[in-house]
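Please keep the sequence and the 3D view open while you read.

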Amino acid sequence: NSAAVNQTIFINDNIAPIPPDAPVDVNAQCAGEVPDPIDLMATDNCGENITASPVDEINHGLCANQFTITRTWTFTDLCGNSTAISQTIEINDDIAPTAPPAPMDVNVQCVSEVPNPTDLIASDNCDVSITASPVDVITAGNCPNNFEITRTWTFTDICGNSSSISQTINVNDDIAP
């Protein structure tokens, strides 16, 4: 005598992998501060470890040091179940260049003694040196050797942040012949 019993076992993996915590979001000033992408590992209910490389989606701003990266890791198991995590990297340079000290103010007697304009260099937080040429604004006096020059250097980085310094040059011929 015999008896038979059948059992049907259905295996259906419909559970997505369990991802690690996403790396912390980053807020920085310069493009050079973007962290390097790294691979991350998730665990799956069927015992496999799933490694994923990130994919970056970049939303460009108005300059090279102004953009947002959405860095996404997608973990997919052998049955096509997937889960994703994301990190946001925000780069926004809003710091003005650091201007050098302004040249000392000058008092001279004659127009021939006015110092020649020279370029000056400022430093920027994003490792860029910025050279500026001066712009002179002249306020006339009552004779050719009586006037004031306001000499201004404006240092502007690639994101439009700027700083300025000024020098005053007074020309005043007050010596009798």
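**Notes on the cysteines**

1. C159 has a relative accessible area of 21%, so this residue counts as partly exposed, a value that should be read with the reminder that the model is a predicted one.

2. The bond between C63 and C159 is a right-handed disulfide, because the torsion about its S-S bond is about 80°. The two cysteines link distant parts of the chain, 96 residues apart, with C63 in the loop between β4 (55-60) and β5 (66-76) and C159 in the loop between β11 (146-156) and β12 (162-172).

3. How many disulfides does a search of the whole structure find? The search finds 2, and besides the pair already described there is one that joins C30 to C126, with an S to S distance of 1.9 Å. Here the torsion is about -90°, so this disulfide is left-handed. Because C30 lies in the loop between β1 (26-28) and β2 (40-43), and C126 in the loop between β8 (120-123) and β9 (129-132), the bond ties together parts that are 96 residues apart in sequence. Both C30 and C126 are buried.

4. When the bonded cysteines are numbered in sequence order, the pairing reads 1-3, 2-4.

5. C46 is exposed, at 53% relative accessible area.

Definitions and conventions: Residues are numbered from 1 along each chain as its sequence is written. This is a predicted model: local features need pLDDT of at least 70, side-chain atom pairs count only at pLDDT 80 or more; totals for chains, interfaces and linings use all residues. Side-chain values use heavy atoms; hydrogens and water are left out. A disulfide is a pair of cysteine sulfur atoms within 2.5 Å. Helices (H or I, at least four residues) and strands (E, at least two) are DSSP runs, numbered from the N terminus. Buried means under 20% relative accessible area, exposed over 50%, partly exposed in between (1.4 Å probe, protein chains only).
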